[in-house]
Amino acid sequence: MCGIFGLITKKKDVPVAKLIREGLQRLEYRGYDSAGIALVHDGKIECRKDSGRIADINKDGWFDSMEGSFGVGHTRWATHGPPVAKNSHPHLDCKEKIAVVHNGILENFQQLRKELSERGHEFKSDTDTEVFPHLIEEYIEKGMDLKKAVIETVKQCKGAYGIVVCHADTPDYMLVARKESPLTIGITPGETTYCASDIPAFLPLTKTAYILDDDEIAVLYPGQVEIFDIETNQKRHRDPMTVQWSMDAAAKTLDGKEYKWFMHKELHEVPRKIREQFKMPQSDIDAFAKTIMDADQVFITAAGTAYYACLAGKFQITRFGGPYIQSILCSEFKDHLPEIPPNSVVMAVSQSGETADTIEAVRYARENYGAKVCSVVNVVGSSLTRYSDHVIITTAGPEIAVASQKAYCCQVSALSMVALRIAELKGEMEKDEVKKYHEALIETGNVCDEILKKEDNIKSIAKAVSEKTNFYYLARGASMAAALEGALKIKEINPKAHAEGYAAGESKHGPIALIRDGFPVVFVAPPDETYDRLIGNVMEMKARGGLIISVVADFDEKISELSDYTIEVPIKNNKYAITMSAVPFAYTLQILAYHAAEINGFDVDKPTNLAKSVTVK
Ligand code: M6R
């Protein structure tokens, strides 16, 4: 939520403003209602900001033509105050010497703002952020240097922040500080230093990075970084890490083909990303499996798509002999669990590793009740990894489209590997049986490759239903996760339509009242133990005029015969392949949603009102 990108360099003739603007555009998935840049030039701050998308604001090179040797930019997802120019970041102090950008929410900003106003500070925006430059200004007036002033300022602030501070009178460095909001630092040693909310922003420029921890402040010099503890002001040693993601992960090109949307490119990456997932370290899978088996109680939590990956994963774990796992949305976690029993494990799933509600849930369980935390995370070094006892890193690579897809496929694949390891360790299933399930799971990448070959068929179905404004997605058992995920995808990126994922058996207890001639009902129908009962639900919907779209195995006969449109998932006709088909079935629905949105002309990568990482509670 909100993207930050800053840069300080000693290299001459660098188009600083353009580089910052490009970095911000790589972060636009974090927020895209307004944007701004502040540069330090000749002892002054020049600040330009406005509402709208960066490309529109910069249409006549408005950002690119700014002059300055260093500075910072921000792309906003509004929290405090509407998305208008005055609320866009950066925000300045009264003398316009200090520029601050912020990602997060300050809880005590009203009190601070009141006190600052009483002391004569003039506020120009409705934001919580604007208290930062004014507080820093006051501390500098009291004689502190910039670093000390920022430290004293953040000590006054309650809540979450990732901030970058530039001062017109300190041309040699800028400062970043964080608490509960992400901030990463990229470096070309001896030359240029970058700061950003997410690594993809500087990925085309460097792969050498530092991750800032909570309650740390860093001084960014050109090509050099010093990190300090905010509480003690003690210097902290930190080795840089090399980012493993490929440089072109931040571009829309794949195998030499340029895609119109990141989501489309990322959907096409799914087969290879899943194959990489299956090569994850055995020690990580073991740690998860053993921790889960040793626990008295296991919970699983996440938000949005990641939560549906939890549902798919918990189903597999229980099916293969693991304990029953209680799934709870992370935003409901604390309220549903006023106490957590001893020897509990909380599994958490997150693409970003920065979702505020997910982090709050695991911290609550860990810090108050000593629960162990096992998390499945896509971003190395993200906050969630730091609150976890064991981590499985998903191999999706940067997921730029706001609508998650390849991350989901990797998360479910990883959790399925854990499920099979539990089966192995428990020893209740014949070794040969487990091996056959494992072989079927490993086939997932190939199955997804085959699905892509049928993309034109999925697209034609998307076209046929593109005018529809309501959808049901129905399923039973293991496929519930896919139904919920398919419906969420439609809601997110094709906002012309409302879609609801529902348990098929439950649909006659209410939802069926809406069915009229031509009302689209998508059935997720693998030929598993629920298949025959699902036929009954298809018949019920058909009898009332429902337009039946079914996602079935390619050897299916019965449900496809009852359907108006059918998407065939090419799996083998045996129990191993059927049991391991959670990812392929969900994947087809992600592709369907993509094409519906694209046909309807929506901004597929940046859906209205959404941001990629929800770092506010
Ligand atoms: O980064 P996370 O996986 O923790 O994010 C969780 C949800 O915000 C996320 O899955 C969201 O629902 C996506 N936009 C879904 O496509």
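These questions and answers cover the ligand site and overall build of a predicted model.

User: Which domains does the ligand lie between?
Analyst: Residues of the shell around the ligand come from two domains. Both contribute, so the ligand lies between domain 2 (250-442) and domain 3 (452-617).

User: Which helices each supply at least two residues of the shell around the ligand?
Analyst: The shell holds 14 residues, with Ser350, Gln351, Ser352, Thr355 and Glu492 the closest. Those helices that each give at least two shell residues are H8 (304-319) and H16 (480-493).

User: How many residues of the shell around the ligand are charged?
Analyst: Five shell residues are nonpolar. Seven are polar. The charged residues number two.

User: How far from an oxygen atom of the ligand does a polar side-chain atom of threonine 355 lie?
Analyst: A polar contact needs N or O atoms within 3.5 Å. Serine 352 places a polar side-chain atom 2.6 Å from a ligand oxygen. Serine 404 uses a backbone N or O atom, at 2.8 Å from a ligand oxygen. For the polar side-chain atom of threonine 355, the distance to a ligand oxygen is 2.4 Å.

User: What share of the area that the ligand exposes alone does the protein bury?
Analyst: Alone, the ligand exposes 410 Å². Of that area, the protein buries 92%.

User: What is the radius of gyration of the protein?
Analyst: The protein has 20 helices and 27 strands. For 617 residues the globule rule gives 25 Å. The protein comes close to that, so it is as compact as a globular protein of that length, with a radius of gyration of 25 Å.

Technical notes: Residues numbered from 1 in each chain as written. Predicted model: local features only at pLDDT ≥ 70, side-chain atom pairs only at ≥ 80, totals over all residues. Heavy atoms only, no water. Near = heavy atom within 4 Å. Polar contact = N/O pair within 3.5 Å; in protein donor to acceptor, adjacent residues only side chain to side chain. Areas by Shrake-Rupley, 256 points an atom, 1.4 Å probe, with all protein chains shown as cover. Helix = DSSP H or I, 4+ residues; strand = E, 2+ residues; numbered from the N terminus. Nonpolar A, V, L, I, M, F, W, Y, C, P; charged D, E, K, R; others polar. Domains from an automatic or database assignment. Rg over C-alpha atoms; globule rule 2.2 N^0.38 Å.
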